Amino acid sequence: MTDPITLKVAEAVADLLADPATDLPGPNGAPSRQHLAYGPTGLALLHIERAAAGLGPWHRAHDWLNAAAQSPLTSGSDSHPFYGAPALAHAMACAADHSAGAYQRALSLIESQLAMDIRRRLDAAHRRIDAGHLPQLAEFDTIRGLTGYGAHFLRRDPAGAEVRAILDYCVRLTQPVTHNGEILPGWWTPTGPSGRADSRFPDGHGNTGMAHGIGGVLALLALAAHRGTTVGDHHEALRTILAWLDRWQEETNRGPIWPYWITRDELRTGLLEPSVPGRPSWCYGTAGLARAQQLAALALGDTGRQVEAENALVAALTDPAQLKATTDNGLCHGFAGLAHIAARTAEDAHPSTAGLLRAAIPALLTLLCKPGTDPDDAATAIVNEAGHGFLNGAAGIALALMVPATEAPPRTSWDACLLIA
C-alpha cells in the first residue's frame, strides 16, 4: 500500500507547520493555545510522530511543546483531556518514549496533578451514582471526562491505580438507573448532545458516540482488557454496552448503522425516528463504533461479532450515501479519520476482512490527495481549507496520511486520545 505521494504531502504539511504559533485560532477565531484539538500540543503530535519515525527533526517537536508550555496551563476542574495540562501531558508522553528521557520529570509532575484531578472527579461521580442522579456527558466522555483520562493512564500505566479506579467507575456507569419511574441506562444524560439543555431533548438522551458517548467507554474497557487489566464485572459491562448497540442497530442495504443518540421517545417506543444516512465518523457514527465493537469482540473472544463489526466498517467506507454525508477531511469527522480507523482496524482484523479494509483505504486517500497533484500544492490546500489543528485540521490529516504511506502503525501513541488503539 506504499504511497510516496501521501508521504510527500504529509512532509509538505509538516514543513508548512514547522514554526510555532502560540495563538492558533480555534473555532470562531477563539484563542486555542491550551487545546489539543486546535493548539500547539496537537501540532506537536505531528512533529513528534515524524521525528520518532526518522522522517523529521526533533527540534520542531520540541519547539511546539515549548510553545504550548511557555505560559501556565489550566489544571484542576477547569481542564480536561483535550484542554490544559492534560492535553500537554498526552503530547509530552508521546515524545518522552522516543527522546532519551526528556520530559519525564515535567510529565511526572503533571501526571501527579492529573491523578488528584481524577480522584476528585471519581469521588463526585460515585456520589452522583449513589444519589441516583443522571450523569453529565462531561463526567464520562472521551473529550472532557473520565474516559479520556483513562485513555492517557492506560497507555502510561495500564495496571495502575488510576486505570483500575476509572474502570471500576465505567462498570458502575453501565448499571441501570431508575429516573422518574423509568429504567434508563446508567449513561443516560439529562441534556442534549451539546451538554446543555436542549428543547429537542426535553428528557435527555443516550449518546452512542466515541467522542461524547458510551462508544468511548466501550473502547476503553476493551483496550484495557487487551492490555491485561480488568476489574470486577468488566466483561459484563462490555456485554451490556454491546447489547445496547445491538438493540439500536439498523440493518440497511448499505450494511448495519448506529444512531448518534437515542431520545426518550425512541426509548419508550423502541423505534428510531426516520433519518437520512449520517457520516460514518470517529466522533459519531459507524466508523468509530465499528472499531470499538471490534476491540470489544477481541476482548471477549467473540470472532463472529468481530467479523460483523469489521464488515460494518467496510460497508460504511464503500457506501456512496454515507461518504457523501462526509464533507471535510479531518480526523474527527472527515476522510482522514476514516482512513486512519480503517488502517487501525485492519491491523487487528480477521483474515476474511483485513484485505477488504485495506482495499478501501486508497479511495479515501484519493479524496485527501488527488492523483497528479503536486505535493506542495496539495499541502497548501489542506492547510488553507482545514486550518492548522490536530482534530479537524492539517496536522491530524498529515498524521493519518503517514500510516498507509509507511505501511506501519504509528511509532508514537498519538491516537491513544481517540481510543482506537
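Where in the chain is the place of leucine 419? Leucine 419 sits in the segment after helix H18 (394–406); helices (H or I, at least four residues) and strands (E, at least two) are DSSP runs, numbered from the N terminus. Before I continue, a word on the source. This is a predicted model, in which local features need pLDDT of at least 70, side-chain atom pairs count only at pLDDT 80 or more, and totals for chains, interfaces and linings use all residues. Residues are numbered from 1 along each chain as its sequence is written, and side-chain values use heavy atoms, with hydrogens and water left out.

Let us return to leucine 419. Its phi is positive, about 60°, although leucine 419 is not a glycine. Leucine 419 counts as buried because its relative accessibility is 2%; buried means under 20% relative accessible area, exposed over 50%, and partly exposed in between, with a 1.4 Å probe and protein chains only. Aspartate 233 is another residue other than glycine with a positive phi, near 65°. Aspartate 233 is found in the loop between helix H9 (214–226) and helix H10 (234–248). With 48% relative accessibility, aspartate 233 counts as partly exposed.

I turn now to the interior. In soluble globular proteins, nonpolar side chains tend to be buried together. A nonpolar core is a set of buried Ala, Val, Leu, Ile, Met, Phe, Trp, Tyr and Cys residues joined through side-chain atoms within 4.5 Å. The largest such core here has 133 residues, and those that touch the most other members include Val13, Tyr169 and Trp282. Leaving aside neighbours within four places in sequence, tryptophan 282 is in contact (heavy atoms within 4.5 Å) with residues including Thr142, Met210, Leu331 and Leu418.

Leucine 364 belongs to helix H16 (residues 351–368). It is buried, with a relative accessible area of 1%. Not counting residues up to four places away in sequence, leucine 364 touches Leu317, Leu323, Phe335, Leu338 and Ala339.

The next element is helix H17. This helix, residues 375–386, has 12 residues and reaches 16 Å from its first C-alpha to its last. That is close to the expected 16 Å, the expected span being 1.5 Å times one less than the number of residues. Which residues of H17 are buried? They are Pro375, Ala378, Ala379, Ile382 and Val383. These residues lie on the same side of H17 because they cover an arc of only 130° around the axis, the arc being that of the directions from the helix axis to the C-beta atoms. The face turned away from that buried side carries the exposed residues Asp376, Asn384 and Glu385. At the N-terminal end, aspartate 374 caps H17, with a side-chain oxygen 3.0 Å from the backbone nitrogen of aspartate 376. Just after H17, glycine 387 takes a positive phi of about 85°.

Finally, the cysteines. A disulfide is a covalent bond between the sulfur atoms of two cysteines. With a disulfide taken as a pair of cysteine sulfur atoms within 2.5 Å, the count comes to 0. Cysteine 369 is in no disulfide, and the nearest cysteine sulfur, that of cysteine 332, is 20 Å away. Cysteine 417 counts as buried, at 9% relative accessibility.

Note on methods. A polar contact is a pair of N or O atoms within 3.5 Å; within protein, one must be able to donate a hydrogen and the other to accept it, and residues adjacent in sequence count only if both atoms are side-chain atoms.
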